[in-house]
Amino acid sequence: MTQQIPTPPAPPQPEPELTGVRNFRDVGGLPTSDGRTVRTGRLFRSGHLAHATETDAQFLVSLGLHTVFDFRNAADHALEGPDVELPGVRNVNIPLSDPADGREFWKMVRDGDLAQLHAVLGDGKGAARMANSYRGIIRHRTAEHGRVLRALAEDSVPALLHCAAGKDRAGLSIAVTLLALGVEREAIVADYLESNAPHRRYPVRRSGESAEARSPEVMELLAPLFDARATYLEAAFAAIDEQWGGVEPYLAQGLGLTPATLAALRDKLLV
């Protein structure tokens with residue numbers, strides 16, 4: 001019998017040069033622990049689409065998207081605006097808590113002086129805030145993450161998952177999806193850290209353009225909010241292990257996913 005050599009998965013397409021959408025990328029190509037690979041052209045992640053140009057929108061439509069999952073909350077929509085409408089694409093808003101949540105907090109980020117920023121973010125408090133928020137989203141947003149994965153398993157691919165910057169809420173939702181697909185944690189972290197590339201990063205917004213408003217000290221204090229740090233995602237993984245004892249019970253007990261749903265999800269998104 002002639003042995004058939006499996007056809008390798010197609011490599012991800014070159015990244016487009018989007019003008020008004022930050023942190024866009026295809027999650028395809030990541031390997032799973034059982035030797036399969038995440039399909040290209042099925043699962044995408046990005047920052048918000050509120051400022052997408054006409055050319056950006058044409059590109060996004062060309063992907064054949066079925067659903068855009070928007071994890072922003074009302075405060076995000078008030079600040080940035082709603083996503084642009086993409087013809088023929090369903091938009092589903094599932095608000096998740098912003099790791100730097102709260103209008104007053106973001107007002108402090110934009111307007112606070114060095115002393116105020118240091119009081120709230122200094123001495124490791126900013127990084128601790130982010131890690132604790134990642135843990136909280138994992139522990140308390142199981143219904144939302146379960147809803148997303150069931151939708152992906154049923155009829156919602158190709159799909160784009162986004163929040164404001166495409167780093168935290170979208171990053172966690174993509175991480176949960178990749179865990180359900182059997183992608184190793186190290187590969188998930190590596191994909192997450194790609195949000196640190198200069199062309200992907202969400203711009204730091206500060207009131208005024210004075211040297212003091214963006215001094216090195218100020219930018220260092222704000223860095224934990226705008227960085228993708230492995231310790232944040234590792235805190236989320238630790239929450240899964242501590243509360244559920246591992247990924248499989250997290251998926252079954254925490255997210256309420258049946259074996260049939262997981263099999264359908266993997267059939268949709270793996271090759």
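Visitor: Leaving aside neighbours within four places in sequence, which residues is Leu178 in contact with?
Guide: The model is a predicted one, and contact here means heavy atoms within 4.5 Å. Once the neighbours within four places in sequence are left aside, the residues in contact with Leu178 are Val27, Leu30, Val38, Val183 and Ile188.

Visitor: Are the residues of strand S2 buried or exposed?
Guide: Strand S2 covers residues 43–46, with Leu43 and Arg45 on one side and Phe44 and Ser46 on the other. Both faces of the strand are covered. These four residues of S2 are all buried.

Visitor: What is the bridge partner of Ser46 in S5?
Guide: S2 pairs with strand S1 (residues 25–26) in the antiparallel sense over two bridges, and there Arg25 has Arg45 as its partner. With strand S5 (residues 159–162), S2 pairs in the parallel sense over four bridges. In S5, the partner of Ser46 is His162.

Visitor: Why is the pair of Tyr134 and Tyr192 edge-to-face?
Guide: The count of aromatic pairs comes to five. In the pair of Tyr134 and Tyr192, the ring centres are 6.3 Å apart. Planes over 60 degrees apart count as edge-to-face. The pair is therefore edge-to-face, because its planes stand at 80°.

Visitor: How many residues apart are Tyr134 and Tyr192?
Guide: Tyr134 counts as buried at 0% relative accessibility, and Tyr192 likewise counts as buried at 1%. Tyr134 lies in helix H5 (residues 125–140) and Tyr192 in helix H8 (residues 185–193), so that the pair links distant parts of the chain. The two are 58 residues apart.

Visitor: What kind of aromatic pair do Tyr134 and Tyr232 form?
Guide: Tyr232 is in helix H10 (residues 230–244), 98 residues apart from Tyr134, and is buried with a relative accessible area of 0%. The rings are 5.6 Å centre to centre, with 50° between the planes. The pair is tilted.

How values were computed:
Residues are numbered from 1 along each chain as its sequence is written. This is a predicted model: local features need pLDDT of at least 70, side-chain atom pairs count only at pLDDT 80 or more; totals for chains, interfaces and linings use all residues. Side-chain values use heavy atoms; hydrogens and water are left out. Buried means under 20% relative accessible area, exposed over 50%, partly exposed in between (1.4 Å probe, protein chains only). Two strands pair if DSSP finds at least two bridges between them. Rings of Phe, Tyr and Trp (its six-membered ring) pair if their centres lie within 6.5 Å; planes under 30 degrees apart count as stacked, over 60 as edge-to-face and the rest as tilted.
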